[in-house]
Amino acid sequence: MVTIGYFLSSEQFGPRELVDQARRAEQAGFERLWISDHFHPWNDAQGNSPFVWGAIGALSEAVALPITTAVTCPLLRIHPAIIAQAAATAAVQCEGRFVLGVGSGEALNEHIFGDPWPNAPTRLRMLEEAVGLIRRLHLGGMVNHDGEFYQVRDARIYTLPEEPVPIYLSGFGPMSTRLAARIGDGYCTAMPDKDLVELFRTEGGGDKPVQAGTKVSWSPDEDSGLEYAQRLWATDLLPGQLGQTLPRPADFEAATQLVSQRAVATSIASGPDLDLHMTQLREFVDAGVDELYIQQIGPDLNGFFEVYEKEVLPVLR
């Protein structure tokens with residue numbers, strides 16, 4: 001059976017809105033939370049980027065749902081030792097119901113200090129070293145580390161959960177998926193790609209959890225739902241490496257002018273037709289994911305949560 005969670009978008013909503021959505025999601029029967037970690041939104045229309053670790057602290061007091069970061073990049077913007085401390089604190093706040101989702105990041109968030117943007121293979125080597133360092137710090141005791149990319153001197157995290165924080169890795173291609181299978185406690189994706197899920201499992205993932213996130217734009221009418229989806233999240237349809245290499249929200253806005261409304265309508269279920277919603281969600285179920293997280297794009301949260309509580313979640317389960 002697939003567990004259904006709610007996807008909190010730090011690019012689209014402020015911290016108080018995220019807490020409110022989490023409460024509504026828990027009341028509606030969603031069982032888990034994903035929360036994105038961004039310094040910039042993908043475009044100015046989204047208009048937000050609260051610090052995820054502050055939001056998680058508030059969420060830990062507002063709801064009792066497990067929380068996963070989807071995903072944190074521990075490479076450039078924040079040193080992995082600081083991510084280790086933040087994740088340990090979050091796990092204590094959430095009483096063990098916290099998963100650190102990590103990935104190799106996007107230039108959009110990671111370029112802000114002027115560091116060169118490494119190529120994908122280099123970022124994956126950095127990610128592997130960062131994950132190993134985070135795990136060492138979560139074991140307690142004094143840590144010294146002289147690695148290819150990171151150095152740590154006499155570092156010890158004193159506030160630790162009873163068990164080490166699980167670390168899931170994101171993967172959007174064979175290289176990152178194989179790394180997730182080899183060193184991750186689980187796998188995060190945003191695509192209903194059965195081949196990648198099977199690759200994760202055969203390359204060492206076994207029965208480790210597979211998480212996936214997707215977006216819908218529920219609205220009382222199809223036109224407004226589609227308008228919100230295209231204006232706010234056409235960025236999800238950009239091809240190739242654009243999502244990892246474009247540095248500014250303005251660049252994403254320019255690129256998404258090439259994304260047609262037809263393409264958005266094909267990829268993001270919009271409007272009130274629940275058959276469209278179910279078709280999109282079942283693609284992830286059929287791909288073999290264990291946990292599916294759903295984000296509502298449009299502003300009608302009351303309608304979305306009511307409809308999903310009564311008509312979508314019972315069927316998906």
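This is a predicted model: local features need pLDDT of at least 70, side-chain atom pairs count only at pLDDT 80 or more; totals for chains, interfaces and linings use all residues.

**Entry 1: overall build.** I began with the radius of gyration, taken over C-alpha atoms, against the globule rule of 2.2 Å times the number of residues to the power 0.38. For 317 residues a compact globule would come near 20 Å, and the chain has 19 Å, which agrees. Along the principal axes, I found that the C-alpha trace spans about 60 × 40 × 40 Å.

Residues are numbered from 1 along each chain as its sequence is written, and side-chain values use heavy atoms, with hydrogens and water left out.

**Entry 2: elements and contacts.** I took helices (H or I, at least four residues) and strands (E, at least two) as DSSP runs, numbered from the N terminus. The chain has 13 helices and 10 strands. I then turned to contacts, meaning heavy atoms within 4.5 Å. Among contacts with a separation of 6 or more, 71% join residues 24 or more positions apart.

Entry 3: I used Shrake-Rupley areas with a 1.4 Å probe, where for residues only the protein chains shown count as cover. The chain exposes about 13700 Å², and carbon and sulfur atoms supply 50% of that. My labels were buried for under 20% relative accessible area, exposed for over 50%, and partly exposed in between (1.4 Å probe, protein chains only). By that scheme 55% of the 317 residues are buried.

For charge I counted Lys and Arg as positive and Asp and Glu as negative, leaving out His and the chain ends. Each charge was placed at NZ of Lys, CZ of Arg, CG of Asp or CD of Glu. I got 24 positive and 42 negative side chains, with the centres of the two sets 5 Å apart.

**Entry 4: helix α2.** How many of the 11 residues of α2 are buried? I found 8 in this helix (residues 52–62), so the rest of the structure largely encloses it. Among the buried ones are W53, I56 and L59. Their packing partners are the strands β1 (3–8), β2 (33–35), β3 (67–69) and β4 (98–102), along with the helices α1 (15–28) and α3 (80–93).

**Entry 5: nonpolar cores.** Here a core is a set of buried Ala, Val, Leu, Ile, Met, Phe, Trp, Tyr and Cys residues joined through side-chain atoms within 4.5 Å. The largest has 82 residues, and F30, W53, F98, L100 and I294 have the most contacts inside it. Apart from it lies another core of 15 residues, including L108, L226, V259 and V264. I also listed what F98 touches beyond four places in sequence: W53, I56, I67, T69, A87, A90, A91, V165 and P166.

Entry 6: Most residues other than glycine have a negative phi, and most peptide bonds are trans.

- A70 and V71 are joined by a cis peptide bond, with omega about -10°; V71 sits in the loop between β3 and α3.
- E95, not a glycine, has a positive phi of about 55°. I located E95 in the loop between α3 and β4, exposed at 64% relative accessibility.
- D154 also has a positive phi, near 50°. D154 belongs to strand β6 (residues 151–155) and is exposed at 56%.

Entry 7: Is C188 buried or exposed? C188, in strand β8 (residues 186–189), is buried at 1% relative accessible area. Its C-alpha atom is 5.7 Å from that of A212, 24 residues apart along the chain. Beyond four places in sequence, C188 touches W34, V71, Y168, L169, S170, G171 and Q211.

T177, in helix α6 (residues 174–183), is buried at 0%. Among its contacts beyond four places in sequence I noted F172, Y187 and F200.

S217 lies in the loop between β9 (210–216) and α8 (222–233), and is buried at 0% relative accessibility. Among its contacts outside four places in sequence are Y228, H277 and Q296. The C-alpha atoms of S217 and V165, 52 residues apart along the chain, are separated by 33 Å.
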